[in-house]
Amino acid sequence: MDKLQRYLPILAWGREYNRTLLASDLLAAVIVTIMLIPQSLAYALLAGLPVEMGLYASILPLVAYGIFGSSRSLSVGPVAVVSLMTATAAGQVAEAGSVGYIEAALLMALMSGAFLLLMGVLRMGFLANFLSHPVIAGFITASGLIIAVSQLKHLFGVHAHGDNLLELLLSLAGQVGAMNPITFVLGVTVLVFLFWVRTGLQPLLVRLGLKEYPATLLAKTGPVIGVVITSVIAWAFGLGERGVALVGDVPSGLPELALPALSHSDWKELAISAVFISIIGFVESVSVGHTLAAKKRQKISPDQELIGLGAANIAASVSGGYPVTGGFARSVVNFDAGAETPAAGMFTAVGIAVTALLFTPYLAFLPQATLAATIIVAVLSLIDLSILKRTWQYGKSEFVAVATTMVATLTLGVETGVACGVLASLALHLYKTSRPHMAVVGEVPGTEHFRNIDRHQVQTHDTILSLRVDESLYFANASYIEDRLYELLAQRPAVRDVILMCTAVNEIDLSALETLESINQRLESSDMRFHLSEVKGPVMDTLKRTHFLDHLSGEVWLTQHQAVASILGAGENTPAAAGNGAASN
């Protein structure tokens, strides 16, 4: 039963469900539904898809995630960055709005879901750790800028296109003369209103006598207010006949359940895009999920999140949606509104379904400029240019990785930006671990502690070189460590014993082991002994399975203090035998 609950978290929280949880989840669902309706429409517009697909992507995927997802607060659905990536990928194989374009979006949802599901079954959630947070922040910031600029065409009422920031700006500049003034005034008015709602509506409601909590929740309905008011204005004044682009007729009813066309001629290109969408969506979801879970002292499982998001995307593909993931803004609202279980998302799905059944005819007069303003306000909160300053101050290598990702995304497009982000993260990891910090250490007087001789007043001995390596030993850094050791020995001709202090060594791979064997042989041929100290238990277990310890010219010591004292002939300590495990921690 426990194993089944691991793959079906609904069995765990469903068993504890009661009326109190139901009331909390229903309230959260109402608030999130009101927020999600305009967002779903807007993000479908951003993805270049019919607006109803945004609604469809917010129904069955929420149910699927509620069954398989491990987070109790995460709200799944269309998000800005994934919508932009979907538009970029689908736009490479078909014209926006065409049948082929829609088929491409559906197929990417299926492939993304299958990829995430496979990773979850194989328990590969750890791969999220290979994308550093600064790099992700840089990519999302650059994507947010592209999204905001791409929506200006709807505010201006012009046609513009481009896959990167420069192309978009040049295209917009060429169309400024064709701007529709009514669309511009309407869009800017909604934009200003939505910005004011974020900071001004809640204090106003409090001053009018409403308590802070309900005032905060009501302030989240700003986008819906904008949708309703501008739709009424467009209908009353016939703005559609005056050049204002409207959403147009939206089909009523729920989508038919069907697998997307699997025989798409460009499936290979779409598969690569689906992998990128999966990676970014998963990293964003896990980040949000961990943050919200920590506030309630709960935890989420990255592997189960892969399964939950995979199921959600497969559900989107068979129900007329497009790729989805956990959204930060929606999830925070869901959390703040009091959601206690994933059932809140399921109730939200019911609310969206009711909207698709009953209210879609009223969306026909909704100006596209209103949706564009909704997107701009939403994505500007994603833009964090301060990441450049923080990484510059913290570490130049981090800054280079972030700047590379941002520049690549802005100039070459989101897919290239994602690829550069992945490569930058891996390159940053390899660079740091291939040149690990190494310190010559000495004993702090009056203690048994050993510290860096460049940072502390310590005791050292001319005949002993105590060297601490602050990294696991593996193929990428083995040669660097060997070269550094020989460089230090060249500066210390009196050394007769070398002690490698292994407090920070969690693993030694085969390449590094061969390097240690080479070091041992070379030192022995030069009448020097090679010792290890403070070796961790799992590392010691690995060494015992080899012949390295049999040929070690020195000893393996439990502590660095024992090693130095015994080598100096103090007599009160003796080396622990390498074969009995006493010399490992």
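Visitor: How many residues has the largest nonpolar core, and which have the most contacts inside it?

Guide: In soluble globular proteins, nonpolar side chains tend to be buried together. A nonpolar core is a set of buried Ala, Val, Leu, Ile, Met, Phe, Trp, Tyr and Cys residues joined through side-chain atoms within 4.5 Å. Buried means under 20% relative accessible area (1.4 Å probe, protein chains only). Here the largest core has 99 residues. L41, M85, F139, L155, Y322 and L371 have the most contacts inside it. This is a predicted model: local features need pLDDT of at least 70, side-chain atom pairs pLDDT 80 or more, while totals for chains, interfaces and linings use all residues. Numbering runs from 1 along each chain, and side-chain values use heavy atoms, without hydrogens or water.

Visitor: Which residues does M85 touch?

Guide: Contact means heavy atoms within 4.5 Å. M85 touches F139, F276, I277, I280, V414 and V418, leaving out residues up to four places away in sequence. A second, separate core has 34 residues, including Y486 and F530.

Visitor: How do α19 and α20 pack, and at what angle do they cross?

Guide: Two packed helices are described by the angle between their axes and the distance between the axes. Axes are lines fitted to C-alpha atoms over the stretch in contact; angles run from 0 to 180 degrees between N-to-C directions. For α19 (residues 386–394) and α20 (residues 396–412), the axes come within 6 Å and cross at roughly 155 degrees. The pair is therefore roughly antiparallel (over 145 degrees). I387, L388, T391 and W392 of α19 meet K396, E398, F399, V402, A403 and M406 of α20.

Technical notes
Buried < 20%, exposed > 50% of the residue type's maximum accessible area, 1.4 Å probe, protein only. Helix = DSSP H or I, 4+ residues; strand = E, 2+ residues; numbered from the N terminus. Parallel < 35°, antiparallel > 145°, perpendicular 65-115°, else oblique.
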